[in-house]
Structures are given as C-alpha cells and as structure tokens.
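Trainee: I am new to this one. Can we go through it by question and answer?

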Amino acid sequence: MRQKDKCDEIFKQSYELYAQQILKYCMVRLGDSSDNADDCVQNAFLVYYKKLLAGEEIAQPKAFIYRTAENFLKKSLREKKQRQKKILPLDSVREVSAPEVSEKAARLDYDEMKRILLTNLSDSEQLLYYQKYEQNLSLKEIAEYYGILPTAAANRISRLRKKIIALTEPVLNDFEKGGY
C-alpha cells in the first residue's frame, strides 16, 4: 500500500471517529458561531492530515486533533474579542440618520443578485454552492458525493467562498459609495 493511501485511510478513519465529537466540542466552546466551529474542525483535521503525509507518527490522534482544534478555538476567540473591542456601547453612540438610498438601491432584489452571482460561477461551483449553502450538506456528505476526502471538500468550499467574496466586493463597495 502506498504511503499516501495509508495516510488517506488513517485520516478517513479518524475523521469518521472524531469529527462529530470535536465539532460538538467546538460549538459549545464558541457558542453561536457554528461557522467558526466548522472552520476550527476543518483546520484541525487539515493539520492532522498534513502531519500524516509528512510521515509523522501520531500515537493518540484523538488527543492531537482535540489539542489542535483547541488552538484554533483560542485563535477564533481572540479574534472575536478583538472585534468586540471595536464595537461601541450603545449609550456612547450618537444618533445619525440613515443615508439616502438611491432609487436603484431601494429596488435591489437579493434573489436576483444571488441569481446573477451564481451565473458567474461554473456549473461545478454552482453545484457545490447548492450543496453547501442550500442543502446544508456536511463536509463528509459533500466529500462522499465527489469521492474525495473531507479536507479536499473543505478546500473546494474555501476556494468557492473566496471567489464569491471577490465577485461581491466590487458591488458592495459601489453600493456603499452610493453607486447603486
């Protein structure tokens, strides 16, 4: 058996055994930030997989993955705390009227915007978008559909998110500047 195949099998077994437990742990620690919990689990398993591919022997994979997820949790919690520092208390905020919204912006139809966004994605990206964000399939389910590892599915979803952000940022920037 090739080294990569052996690593893939070990990884797959570990993912099946521990992913749900670690996800629950992360969700409890992070509270309502379930997206961050998914990210922590994905990142922890990605580190684990890379270690396996590098030839490292991990005697206690469950403990290693929990410890790694905990490190990502701490990072996520620090970032959340930093964001909260930037939020002003309500009593210190002065009242400001909302900016005038142009006629075009008032007519924005978010379903239409979504349809336009999706037309800028390839067929495979549209399918992945539908599976992840419409059907709410788990990484495991998506990976099984494509016949790939969950880490590969996580990487595809990450690339999809980046592409969506890249496609929407110019529109949102124009909207904020009053261009719509």
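Mentor: First, a term: axes are lines fitted to C-alpha atoms, for helices over the stretch in contact, and angles run from 0 to 180 degrees between N-to-C directions. The model is predicted: local features need pLDDT of at least 70, side-chain atom pairs count only at pLDDT 80 or more, and totals for chains, interfaces and linings use all residues. Numbering starts from 1 along each chain as its sequence is written, and side-chain values use heavy atoms, without hydrogens and water.

Trainee: At what angle do helix α6 and helix α7 pack?

Mentor: Helices here are DSSP runs (H or I, at least four residues), numbered from the N terminus. Helix α6 spans residues 123–134 and helix α7 residues 139–146. Their axes lie 10 Å apart, and the angle is about 145 degrees.

Trainee: Which residues of α7 meet α6?

Mentor: Contact means heavy atoms within 4.5 Å. From α6 come S124, L127, L128, Q131 and K132. They meet, in α7, I142, Y145 and Y146.

Trainee: How many aromatic pairs does the structure hold?

Mentor: Rings of Phe, Tyr and Trp (its six-membered ring) pair with centres within 6.5 Å; planes under 30 degrees apart are stacked, over 60 edge-to-face, the rest tilted. Y48 and F64 form a tilted pair, 6.1 Å centre to centre, with 45 degrees between the planes. Ring pairs also link F11, Y15, F45, Y48, Y49 and F64 into a cluster. The count of aromatic pairs is nine.

Trainee: Is Y48 buried or exposed?

Mentor: Buried means under 20% relative accessible area, exposed over 50%, partly exposed in between (1.4 Å probe, protein chains only). Y48 has a relative accessible area of 1%. So Y48 is buried.

Conventions
Helices (H or I, at least four residues) and strands (E, at least two) are DSSP runs, numbered from the N terminus.
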